[in-house]
Amino acid sequence: MNLQNNNEALLKVEDLKMHFPIYRGVLQRQVGAVHAVDGVSFDVKRGETLGLVGESGCGKSTTGRAILQLYKPTAGSVIFEGTDLISLKHEEMRKTRRKIQMIFQDPYASLNPRMTVHDIIAEPMMVHNTAIGKEMNERVEHLLELVNLNPAFASRYPHEFSGGQRQRIGIARALALQPSFIVCDEPISALDVSIQAQVVNLLEELQEQFNLTYLFIAHDLSMVRHISKRVAVMYLGVIMELADRDDLYLSPLHPYTQALLSAVPIPDPIADSKRRRVILEGDVPSPVNPPSGCRFRTRCPIAEKMCAESRPDFREVTPGHFVACHLVK
Amino acid sequence: MPDLLLDIKGLETQFKTPEGVVHAVNGVSFGLKEGETLGVVGESGCGKSVTMLSVLGLIPSPPGKVVAGEALFSGQDLLKMTNEEIRHVRGAQIGMIFQDPMTSLNPVLTIGRQLEEPLMLHIGMTKHQAQERAAELLSLVGIPNAKERLNDYPHQYSGGMRQRVMIAMALSCSPQILIADEPTTALDVTIQAQIMELVKRLREELGMSIIWITHDLGVVAGIAHRVAVMYGGYIIEEASVNDLFANPSHPYTLGLLGSLPRVDEVEHGRLFSIEGQPPVLYQKPTACPFAPRCKWVMDRCWKENPMLESISNEHRVACWVDTKTGRSR
């Protein structure tokens, strides 16, 4: 597959697969695999936000983790600034992680409760030897100011902060090494509605200030529309559709994207009642034995015989708009 | 008013904690009409769940205590009932669904057994009758092969199906009121759409009244007839669903709506964000609980707590400011 603007891409993921083996029995033989991510390709351009959406279990978080090499991918390549991360040795990868950071979903579980905020934010700098002593302390203060937290709180522990404040601490930690690329894995889904907007605004401000590139993983389609420049929709380990934000939301081509968008509630009873809603039948099949051919065919309202026979190509139907469906012309 | 099915007046609930007494609900009054769906909206800790648990006598005591108020249900005060009496109301006349369908079901009993139990207990059906009715109920909520699936255990059902079972269980004794506490929060959007569609169908068929508790304004817009917005243990605004979304009048409601991106809207600006965070009330507020976060705050707001007052037919607001002009009403 030939993606456009190769030279602009900061990150290029090609045919990435992540299968988790299942072992059974006394001899612990491998009896199968969870096909969590099964051949996804996309690129992320410098300075943009690519939204990666899908329902639980679709493989969006696994994709994010496989990019950071937190899992060893089964196949494919993850090319970051021209180097394939999968081929890197442990030490080389560790150095590259300076430029690639992650913000986690759960601000309660992702901060060590026994470390002060200062130590949490300083840890990456110590690990990578980027700053020590007074310089490091100043940097921690500066980072806390950047995320709108009072630097005087640096000696406190995570439990003294609210969920939104903790997520700000996590963001400060991610920024400590001045990365160029941040994987945001559901950064706001554990937060209250009024706090979500605060954190999203902060992420946008930081992006402008430091020319950051985000992979924004989320299940909230409204928020993804707000923050992303382009959006990829995943289902059962496969990207079904990828397009510019407005293109995807205004003219979704894949039947899954159409159903997904129509299921999102709108906070407006009059607009909501006028919508045509596509209700999908049944549940997502198991990724251990995914359906043959198109992954979505078992729930697709327009599936035909050919959909069971061959897996649809992920092809570009209009410039920049990719779809994996046999039936889209 | 005689047409009220459930009439709650001046409800107050407190919790004793090591840090002090938390005033979770501070004088909540509302009514539920026959055949109506009331949406109760608010963020975590606003008192929406505690209000309903208080009414149903499900507050763990100690540490919790309902200290004032009454909850009239067909002429009887639910708050004055003994445990034995209210157990006959719960499940039989008032059904409940909770957020997490996995922890609300007993993992070691079959679905059938759990469905049959209330039928035998509350209605006095025989084992055989209860089995028949349980199969009917399962097919009513759209589970295929209902008879065979009665013998399955909860882990054999998917998340969406478990929530359907919870609904079937809540409906088993044909209750007059269904109280649903965040019933779709743990589910994916396409499954949420299925469940909302199901509840709307059942409400038509069975003529139930529903109280639907949620933090999601989008869900409320799609299902409720009337909405109460809660903050700091108070109802701060109450109106018909169309009126609330067309003329949100409390600064908090306005802020909440402004901080939500919409899936059907093209916009590129920053989200409106309410600064600060929701209060934890160790004292019953003597001022407006929203004052610290309100951009229209006046001197008076720090001295007295505004009462819920009518601003138009069936639209009540607890605020002195006319948010359209920014001046005192």
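In this predicted model, A:Val13 has A:Phe42 as its bridge partner in strand β2 of chain A, and that pair belongs to a run of 13 bridges by which strand β1 (residues 9-24) and strand β2 (residues 29-45) of chain A are joined in the antiparallel sense. The predictor assigns the complex an ipTM of 0.82 and a pTM of 0.87, and 38 residues of chain A are in contact with 38 residues of chain B.

**Strand pairing in chain A**

- The strands β1(A) and β2(A) make a hairpin in which four residues lie between them, and A:Gly25, in the turn, has a positive phi of about 80 degrees.
- Strand β1(A) also pairs with strand β4 (residues 75-80) of chain A, again in the antiparallel sense and over five bridges; within that pairing, A:Lys17 has A:Ala75 as its bridge partner in β4(A).

**Chain A as a whole**

- The secondary structure of chain A consists of 11 helices and 12 strands.
- Chain A is as compact as a globular protein of its length, because its radius of gyration of 21 Å is close to the 20 Å that the globule rule gives for 329 residues.
- Taken along the principal axes, the box filled by the C-alpha atoms of chain A is roughly 65 × 60 × 45 Å.
- Of the 329 residues in chain A, 45% are buried, and among the contacts of chain A with a separation of 6 or more, 64% are made by residues 24 or more positions apart.

**Chain B as a whole**

- Chain B contains 10 helices and 14 strands, and its C-alpha trace spans about 65 × 50 × 40 Å along its principal axes.
- The radius of gyration of chain B is 21 Å, which agrees with the value near 20 Å that a compact globule of 329 residues would have.
- Buried residues account for 45% of the 329 residues of chain B, while 65% of its contacts with a separation of 6 or more come from residues 24 or more positions apart.
- The average pLDDT of chain B is 89, and 98% of the residues score at least 70.

**The interface between chains A and B**

- The contact between the chains involves 38 residues of chain A and 38 residues of chain B; on the side of chain A that touches chain B, at least two residues each are supplied by α6 (193-210), α7 (221-227), α8 (245-250), α9 (255-263) and α10 (269-274) of chain A.
- Helix α6(A) provides the largest share of the side of chain A that touches chain B, namely eight residues.
- Sorted by class, the side of chain A that touches chain B comprises 20 nonpolar, nine polar and nine charged residues.

**An open sheet in chain B**

- Four strands of chain B form an open sheet with antiparallel pairing, in the order β2-β1-β4-β5; its edge strands are β2 (20-33) and β5 (76-77) of chain B, each of which pairs on one side only.
- Within chain B, strand β1 (residues 4-17) and strand β4 (residues 64-73) run antiparallel and are joined by eight bridges, and B:Thr13 has B:Val66 as its bridge partner in β4(B).

**Helix α3 of chain B**

- Helix α3 (residues 111-123) of chain B has 13 residues and reaches 19 Å from its first C-alpha to its last, which is close to the 18 Å expected at 1.5 Å a residue.
- The buried residues of α3(B) are B:Ile111, B:Gly112, B:Gln114, B:Leu115, B:Glu116, B:Pro118 and B:Leu119, and the buried residues of this helix pack against α4 (127-140), α5 (146-149) and α6 (159-171) of chain B.
- Just after α3(B), B:Gly124 adopts a positive phi of about 75 degrees.

**An exposed loop residue in chain B**

- B:Glu275 is located in the loop between α10 (251-258) and β11 (309-312) of chain B.
- B:Glu275 counts as exposed because 12 other C-beta atoms lie within 10 Å, and a residue is classed as exposed at 12 or fewer.
- The C-alpha atoms of B:Glu275 and B:Asp188 are separated by 29 Å, and the two residues are 87 residues apart along the chain.

Notes: Residues are numbered from 1 along each chain as its sequence is written. Chains are lettered from A and ligands numbered from 1 in the order in which they are written. This is a predicted model: local features need pLDDT of at least 70, side-chain atom pairs count only at pLDDT 80 or more; totals for chains, interfaces and linings use all residues. The expected span of a helix is 1.5 Å times one less than its number of residues. A residue is buried if 20 or more other C-beta atoms lie within 10 Å of its own, exposed if 12 or fewer, and partly exposed in between; C-beta atoms are placed from the backbone. Two residues are in contact if their C-beta atoms, placed from the backbone, lie within 7 Å. Ala, Val, Leu, Ile, Met, Phe, Trp, Tyr, Cys and Pro count as nonpolar, Asp, Glu, Lys and Arg as charged, and the others, Gly among them, as polar. The radius of gyration is taken over C-alpha atoms; the globule rule is 2.2 Å times the number of residues to the power 0.38. pLDDT is the predictor's confidence in each residue, from 0 to 100. Two strands pair if DSSP finds at least two bridges between them.
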